[in-house]
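Please look over the structure shown here. Some questions and answers on it follow.

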Amino acid sequence: MTTTITLPQHPFGSEITTTDIIAQMQIAMGWEDRYRNVIQLGKKLPQLDDSYKQDQLKISGCESQVWLHHQVVNNHYYFIADSDARIVRGLITLVLAAYNGKTAAEINAFDIDAYFDSLGLMAHLSPSRGNGLKAIVEQIKQLAH
């Protein structure tokens with residue numbers, strides 16, 4: 001019996017990969033362009049239905065509200081997430097591009113710090129945004145254990 005994905009679909013991790021995002025950020029002309037790129041990526045993330053916006057799905061450690069839901073299908077992890085803040089929606093897409101559709105081993109082996117460094121974003125994020133981004137990553141890694 002094959003299980004199918006029942007989560008809302010998005011292009012991150014399949015059509016839009018970390019390689020695509022790194023390339024897009026490397027041609028950006030400064031922080032403002034990167035910021036715009038992140039917001040544009042966030043617009044491609046479908047808004048979650050209210051049924052997924054439950055307290056137990058909220059990520060603690062984020063200043064904005066962030067919900068993360070996952071499903072495991074054939075040992076691959078699929079994620080859908082949303083936030084009430086535009087920039088955070090964009091930051092979520094960066095994480096989903098790295099982890100969506102991967103196995104637990106792939107999730108744990110991925111060097112997220114090097115990925116974020118290659119995007120040139122962390123130095124420009126407020127400490128609370130940076131901590132929120134790390135909280136999302138940590139939640140995904142806990143789910144994949």
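Q: Which helix gives the most to the lining of the largest cavity?
A: This is a predicted model, in which local features need pLDDT of at least 70, side-chain atom pairs count only at pLDDT 80 or more, and totals for chains, interfaces and linings use all residues. Residues are numbered from 1 along each chain as its sequence is written, and side-chain values use heavy atoms, with hydrogens and water left out. α3 and α6 (127-143) each supply at least two residues of the lining. The most, five residues, comes from α6.

Q: What is the volume of the largest cavity?
A: On a 1 Å grid over the protein atoms alone, a cavity is a set of points where a 1.4 Å probe fits but cannot get out, and lining residues have an atom within 4 Å of a point. Grid points are joined across faces, edges and corners, and a volume is the space filled by probe spheres set on the points. The structure holds one cavity of 30 Å³ or more. The volume of the largest cavity is about 80 Å³.

Q: How many residues of the lining of the largest cavity are nonpolar?
A: The lining includes C62, V66, V88 and L91. Ala, Val, Leu, Ile, Met, Phe, Trp, Tyr, Cys and Pro count as nonpolar, Asp, Glu, Lys and Arg as charged, and the others, Gly among them, as polar. Three lining residues are polar and two charged, and the nonpolar ones number six.

Q: Is C62 buried or exposed?
A: C62 lies in the loop between α2 (31-43) and β1 (66-73), and an unreviewed UniProt entry places the feature "active site" there. Buried means under 20% relative accessible area, exposed over 50%, and partly exposed in between (1.4 Å probe, protein chains only). Because its relative accessibility is 17%, C62 counts as buried.

Q: Which residues does C62 touch, not counting residues up to four places away in sequence?
A: Contact means heavy atoms within 4.5 Å. By that rule, C62 touches G132, A135 and I136.

Q: How far apart are the end C-alpha atoms of helix α3?
A: Helices (H or I, at least four residues) and strands (E, at least two) are DSSP runs, numbered from the N terminus. The expected span of a helix is 1.5 Å times one less than its number of residues. With 14 residues (86-99), α3 should therefore span 20 Å, and its end C-alpha atoms agree with this, being apart by 20 Å.

Technical notes: UniProt positions are given in the numbering used here, feature names are shortened, and annotations may be inferred rather than shown by experiment. On a 1 Å grid over the protein atoms alone, a cavity is a set of points where a 1.4 Å probe fits but cannot get out, and a pocket is an open set with protein on both sides within 12 Å along at least five of seven lines; lining residues have an atom within 4 Å of a point.
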